[in-house]
Amino acid sequence: MEKLVNFIKSNDVDFTKNLVTENELNEILIQSNIKIGSQLKEYILTYGYLGYESYELYGINSKQKTDSDMISQTKYLNKYFDSSIGFIALENLGEGSYILVNSDDQIFILETENNTMKNKNMKLEEYILERFGN
């Protein structure tokens, strides 16, 4: 995720200083019955979450662990929207739309109004850079 690393170094991007370790992340994923891809794993272990200008992407931090936004929002969506099962929440777009990531780091949009998923045909790094306007 070299392009993302360079973007973050060159811009005022927020991320947590309370990072989880790889062992903590593995425990959280097992407890939550979630599988993630290599890009999302790197994102969580390196940054925890990302915020830039008016955008904030979910993440996991060492203080909240399973109560972190990414995990709690994923559990909520999985409980009420069966099409989201097997995906992890990355962002709330508002008005019932969420960005989700699958275990291959592919980005999908969930529309809760009709419980449908649409593939955005991009990987996590590409989505983040596009979302942050790069």
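Student: Which residue takes a positive phi in the hairpin of strand 4 and strand 5?
Tutor: That's Asp-105, with phi near 65 degrees, in a hairpin that has four residues between the strands. Strands (E, at least two residues) and helices (H or I, at least four residues) are DSSP runs, numbered from the N terminus. Before we go on: this is a predicted model, in which local features need pLDDT of at least 70, side-chain atom pairs count only at pLDDT 80 or more, and totals for chains, interfaces and linings use all residues.

Student: Thanks! How many bridges do strand 4 and strand 5 pair over?
Tutor: Five, and strand 4 pairs with strand 5 (residues 106-111) in the antiparallel sense. Two strands count as paired if DSSP finds at least two bridges between them. Across this pairing, Leu-100 stands opposite Phe-108 in strand 5.

Student: And what joins strand 3 to strand 4?
Tutor: Five bridges, with strand 3 (residues 88-94) and strand 4 running antiparallel. There Leu-100 in strand 4 stands opposite Ala-89. The hairpin of strand 3 and strand 4 has two residues between the strands, and Glu-95 takes a positive phi near 50 degrees.

Student: Why is strand 4 described as largely enclosed?
Tutor: Because five of the five residues of strand 4 (residues 97-101) are buried, the rest of the structure largely encloses it. Buried means under 20% relative accessible area, exposed means over 50%, and partly exposed is in between (1.4 Å probe, protein chains only). Both faces of strand 4 are covered, with Ser-97, Ile-99 and Val-101 buried on one side and Tyr-98 and Leu-100 buried on the other.

Student: Switching to helix 1, which residues are buried there?
Tutor: In helix 1 (residues 2-10) you'll find Leu-4, Phe-7 and Ile-8 buried. They sit on the same side of helix 1 because they cover an arc of only 95 degrees around the axis. That arc is taken from the directions that run from the helix axis to the C-beta atoms. Turned away from this buried side is a face with the exposed residues Glu-2, Lys-9 and Ser-10.

Student: What do the buried residues of helix 1 pack against?
Tutor: Strand 1 (50-52) and helix 5 (124-131). Contact here means heavy atoms within 4.5 Å.

Student: Which residues have the most contacts inside the largest nonpolar core?
Tutor: Leu-40, Tyr-43, Ile-44, Leu-50, Met-70 and Leu-90, in a core of 42 residues. A nonpolar core is a set of buried Ala, Val, Leu, Ile, Met, Phe, Trp, Tyr and Cys residues joined through side-chain atoms within 4.5 Å. Take Leu-40: leaving aside neighbours within four places in sequence, it touches Met-70, Ile-88, Val-101, Asp-105 and Leu-124.

Student: How many aromatic pairs does the structure hold?
Tutor: Six. Phe-15 and Tyr-47 form an edge-to-face pair, 5.5 Å centre to centre with 70 degrees between the planes. This pair links distant parts of the chain, 32 residues apart: Phe-15 lies in the loop between helix 1 and helix 2 (22-32), and Tyr-47 in the loop between helix 3 (38-46) and strand 1. Rings of Phe, Tyr and Trp (its six-membered ring) pair if their centres lie within 6.5 Å; planes under 30 degrees apart count as stacked, over 60 as edge-to-face and the rest as tilted.

Student: Is Tyr-47 buried or exposed?
Tutor: Tyr-47 counts as buried, at 7% relative accessibility. Phe-15 is partly exposed, at 34%.

Student: What sits over the ring of Phe-15?
Tutor: The charged end of Lys-17, 5.8 Å from the ring centre. A charge sits over a ring if NZ of Lys or CZ of Arg is within 6 Å of the ring centre and within 35 degrees of the ring normal.

Student: Last topic: where is Asn-33 found?
Tutor: Asn-33 is in the loop between helix 2 and helix 3. Its phi is positive, about 55 degrees, although Asn-33 is not a glycine. Most residues other than glycine have a negative phi. Asn-33 is also exposed, with a relative accessible area of 73%.

Methods:
Residues are numbered from 1 along each chain as its sequence is written. Side-chain values use heavy atoms; hydrogens and water are left out.
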